[in-house]
Amino acid sequence: MIHKTDQWLKKYLKETEVQNANTSQRFQLQQNYLISPLQKYFNGVPLENIQLHLHQFGLFIPHKKENDKLKRWMKRDYKSKVQKLFEHFQDKWDGPSTSIFLFPSNEENRELSHVFSGNSGLSFPDKLFLFLSAEATTKQLAALFLHEYSHVCRLDRKYSKNKELNLLDAMILEGIAEVLVRKKLGDEAGNKYLKNLDHATFIKYWNRWIKGNEEVTRKDPLHDQIMFGSYRVPKNLGYLLGFYLVNHYIDNNTMSSKKMIYLDNEVFMDVFS
C-alpha cells in the first residue's frame with residue numbers, strides 16, 4: 001500500500017504559508033503533519049525520535065526556502081510509478097505486501113546529491129521509505145525501489161520480526177540489493193562509492209575488520225563504523241565487502257534475481273573455499 005503522503009505534504013505546506021513559519025516552527029509542523037501519521041507504524045516510538053531517524057536517512061530538513069521545491073516535487077507523478085514497480089516486483093519475487101511512504105529528500109545533503117543523485121531509502125520488514133528529489137529520473141526511481149524492496153522481501157522471508165540483524169546480515173542484505181540494481185539497470189545505476197575489489201584487497205579488509213565481528217549488532221558502535229566507515233575504517237566498508245561477496249557468487253552461479261534475494265548468508269561465503 002502506498003500511503004497518501006502527498007496529502008500530508010499539502011497540509012504541511014499550507015500551514016507553513018498560513019503561519020509564515022520560521023525554521024523552528026517548520027520542524028514542529030513537519031512532526032505534526034508528516035511524522036505523526038507514522039507513529040503507529042513505529043510501535044509508539046516518540047515522534048522526535050522518528051523524525052531524527054528519517055532525517056538521518058534522507059528525509060528533507062525543514063527550512064524557510066523549501067516551499068517552491070516541495071511544490072515542484074508534488075507535481076511529479078511518483079506515486080503511480082512506484083505502484084507499477086511494486087505490483088510488478090511483488091509478483092516477480094513473490095514478495096510481501098508492505099506500507100510504502102514517499103517523501104521529498106534532503107537535496108541540500110552534498111553526499112546524498114553527489115553519490116545517490118539526491119535520492120535515498122529506508123527499509124523495514126513491514127514498511128519502506130523512498131526519499132526522492134524533485135528531479136529524480138524514472139531510472140533513479142526504479143533503482144531506489146529495487147534496492148529497498150529487495151530488502152523488504154529478504155527481511156520478511158528470512159528473519160523473524162524479533163531478530164536483530166548482525167553485521168554479516170547487513171552486508172549480505174546490501175550486497176544483494178546492489179548487485180540486483182546493477183543486473184537490472186546497469187552499473188551506472190548503482191552506488192557510485194562501490195567498486196569491484198581485487199581478491200587480495202577483499203581478504204585484507206575482511207581479516208582486518210570483519211573476521212570475528214560477524215555477529216556484532218547495531219547495539220555495538222562497531223557495526224555502523226564498519227558499515228559506513230569512520231576515521232579509521234574505509235568509507236562504506238560493509239557495503240563494499242557485501243557487494244564483493246554477492247557479486248563473486250553471482251559471477252560464478254547463474255540464477256534468477258528472486259532466488260538470489262532469498263539465499264542463505266552461508267551460500268555467499270564460498271569465496272573463502
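A: Buried means under 20% relative accessible area. Keep in mind that this is a predicted model.

Q: Okay. So is Gln30 buried or exposed, and why?
A: Gln30 is buried, because its relative accessibility is 0%.

Q: Which helix does Gln30 lie in?
A: Gln30 belongs to helix H2, which covers residues 23–35.

Q: What does the Gln30 side chain make a polar contact with?
A: With the side chain of His55, at 2.8 Å.

Q: And what else is Gln30 in contact with, leaving aside neighbours within four places in sequence?
A: The list is Tyr12, Ile35, Gln51, His55, Leu59, Phe60 and Pro62. Phe60 turns up again, as one of the residues that line the largest cavity.

Q: Let's do that cavity, then. How many cavities of 30 Å³ or more are there?
A: The count is 1. The largest cavity holds about 90 Å³ of space.

Q: Which residues line the largest cavity?
A: Phe60, Ile61, His63, Glu66, Lys69, Leu70, Trp73, Pro104, Ser105, Glu107, Glu108 and Ala134.

Q: How do the lining residues divide by type?
A: There are 6 nonpolar, 2 polar and 4 charged residues in the lining of the largest cavity.

Q: Which helix gives the most to that lining?
A: Helix H4, residues 67–75, with 3 residues.

Q: Switching to Thr16. Where is Thr16 found?
A: In helix H1, residues 5–19. Thr16 counts as buried because its relative accessibility is 1%.

Q: What is its side-chain partner in a polar contact?
A: Asn67. The side chains of Thr16 and Asn67 are joined by a polar contact of 3.3 Å. Not counting residues up to four places away in sequence, Thr16 also touches Ala21, Arg26 and Leu29.

Q: Now strands. How many residues of E3 are buried?
A: 6 of the 6. Strand E3 spans residues 127–132, and with every one of those 6 buried, it is largely enclosed by the rest of the structure.

Q: Which way do the E3 residues point?
A: Lys127, Phe129 and Phe131 point one way. Leu128, Leu130 and Leu132 point the other way. Both sets are buried, Lys127 included.

Q: Last topic, backbone. What is phi of Asp94 near?
A: Near 55°, which is positive, and Asp94 is not glycine. Most residues other than glycine have a negative phi.

Q: Where is Asp94 found?
A: In the loop between helix H5 (78–93) and E1. Asp94 is partly exposed, because its relative accessibility is 46%.

Q: What about Asn236, what is its phi?
A: About 55°, again positive without being a glycine. Asn236 is in the loop between helix H10 (221–228) and helix H11 (237–252).

Q: Is Asn236 buried or exposed, and why?
A: Asn236 is buried, because its relative accessibility is 8%.

Note on methods: Residues are numbered from 1 along each chain as its sequence is written. This is a predicted model: local features need pLDDT of at least 70, side-chain atom pairs count only at pLDDT 80 or more; totals for chains, interfaces and linings use all residues. Side-chain values use heavy atoms; hydrogens and water are left out. On a 1 Å grid over the protein atoms alone, a cavity is a set of points where a 1.4 Å probe fits but cannot get out, and a pocket is an open set with protein on both sides within 12 Å along at least five of seven lines; lining residues have an atom within 4 Å of a point. Grid points are joined across faces, edges and corners, and a volume is the space filled by probe spheres set on the points. Helices (H or I, at least four residues) and strands (E, at least two) are DSSP runs, numbered from the N terminus. Ala, Val, Leu, Ile, Met, Phe, Trp, Tyr, Cys and Pro count as nonpolar, Asp, Glu, Lys and Arg as charged, and the others, Gly among them, as polar. Buried means under 20% relative accessible area, exposed over 50%, partly exposed in between (1.4 Å probe, protein chains only). A polar contact is a pair of N or O atoms within 3.5 Å; within protein, one must be able to donate a hydrogen and the other to accept it, and residues adjacent in sequence count only if both atoms are side-chain atoms. Contact means heavy atoms within 4.5 Å.
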